[in-house]
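Please look over the chain shown below. The report that follows takes up confidence, fold, core, strand residues, a loop and a pocket.

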Amino acid sequence: MKGGRKNLKRAVEEESLTLKDGHSIMQVLSLRGSNLIEIMDGQGEKSLALFPAKFQKSMWIKRGSFVVVDASGKEKVLESGSKVGCIVSQVLFYEQVRVLKKSPEWPEIFKSTVSDGCNASLQGDTSQQEENELDSSDDDGLPPLEANTNRMKPVDWKSDTESNSDSDTDS
């Protein structure tokens, strides 16, 4: 008996993760709906995976997240004509990803995407680097906030003192 949703939280709390035979780390490219996600493996191949119902109300994934996928019978399933080739067996969280990036199990293609983003910011001029450092310390790695389109912008009212001073300079 596997335990379904009952033991999910306990499995998430484990930081040490060892990949079993047939399991691999993949990155989520897009969410297709009805428990289907598009993923990319370590070789850069895109495929569809099933996100089991036991994860639905306890774990959320988004584009760019990393998951452990059971792809043991992928070739056989694809030959039979099915588009879904694998099943998600575990969702990796930030701490687990950080530990796995240091291990040899982490796919090389995902290391290069992280380092490319770091190198691109280092190639800019020093003023941009200083601005980026100031911004990153302020928002702690969070994306910038977007303007709230649900609220009206306040109207700028000129005060009487400004209008009086303008009329004084005209005369």
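## Confidence in the model

The chain has a mean pLDDT of 74, where pLDDT is the predictor's confidence in each residue, from 0 to 100, and 68% of its residues reach 70 or more. Confidence is highest in S2, at 94, and lowest in helix H5 (residues 126–139), at a mean of 46. Over residues 114–136 the pLDDT is below 50, and beyond near neighbours in sequence this stretch has 5 contacts in the model, a contact being heavy atoms within 4.5 Å.

This is a predicted model, in which local features need pLDDT of at least 70 and side-chain atom pairs count only at pLDDT 80 or more, while totals for chains, interfaces and linings use all residues. Residues are numbered from 1 along each chain as its sequence is written, and side-chain values use heavy atoms, with hydrogens and water left out.

## Elements of the chain

The secondary structure comprises 6 helices and 5 strands, which follow one another from the N terminus as α-β-β-β-β-α-β-α-α-α-α. Helices (H or I, at least four residues) and strands (E, at least two) are DSSP runs, numbered from the N terminus.

Of the 171 residues in the chain, 23% count as buried; here buried means under 20% relative accessible area, exposed over 50%, and partly exposed in between (1.4 Å probe, protein chains only). Among contacts in the chain with a separation of 6 or more, 61% are accounted for by residues 24 or more positions apart.

## Nonpolar cores

A nonpolar core is a set of buried Ala, Val, Leu, Ile, Met, Phe, Trp, Tyr and Cys residues joined through side-chain atoms within 4.5 Å. The largest one has 16 residues, and those with the most contacts inside it are Ile-37, Ile-39, Ile-61, Val-67, Val-69 and Val-88. S1, S2, strand S4 (66–70) and S5 each supply at least two residues of this core, and its largest share, 3 residues, comes from S5.

Leaving aside neighbours within four places in sequence, Val-88 is in contact with Ile-37, Ala-49, Leu-50, Phe-51, Pro-52, Phe-55, Val-67, Val-68 and Val-69.

Gln-90 is buried, with a relative accessible area of 18%, and, not counting residues up to four places away in sequence, Gln-90 touches Ala-11, Leu-17, Phe-55, Val-67, Val-68 and Gln-96. Ile-87 is partly exposed, with a relative accessible area of 45%; on the same exclusion of residues up to four places away, Ile-87 touches Leu-50, Pro-52, Val-68, Val-69 and Asp-70. The C-alpha atoms of Ile-87 and Val-69 are separated by 5.6 Å, although these residues are 18 apart along the chain.

In strand S2, Leu-36 is partly exposed, with a relative accessible area of 22%. Not counting residues up to four places away in sequence, Leu-36 touches Leu-31, Ala-49, Leu-50 and Val-84; Leu-36 and Val-84 are 48 residues apart in sequence and 8.0 Å apart in space, C-alpha to C-alpha.

Ser-34 is exposed, with a relative accessible area of 68%.

Asn-35, placed in the loop between S1 and S2, also is not a glycine and has a positive phi of about 65°. Asn-35 is partly exposed, with a relative accessible area of 25%.

## The second largest pocket

About 300 Å³ of space lies in the second largest pocket. On a 1 Å grid over the protein atoms alone, a pocket is an open set of points where a 1.4 Å probe fits, with protein on both sides within 12 Å along at least five of seven lines, and lining residues have an atom within 4 Å of a point. Grid points are joined across faces, edges and corners, and the volume is the space filled by probe spheres set on the points.

The lining consists of Trp-60, Ile-61, Gly-64, Ser-65, Phe-66, Val-91, Leu-92, Phe-93, Tyr-94, Val-97, Arg-98 and Lys-101. By type, the lining divides into 8 nonpolar, 2 polar and 2 charged residues, where Ala, Val, Leu, Ile, Met, Phe, Trp, Tyr, Cys and Pro count as nonpolar, Asp, Glu, Lys and Arg as charged, and the others, Gly among them, as polar.
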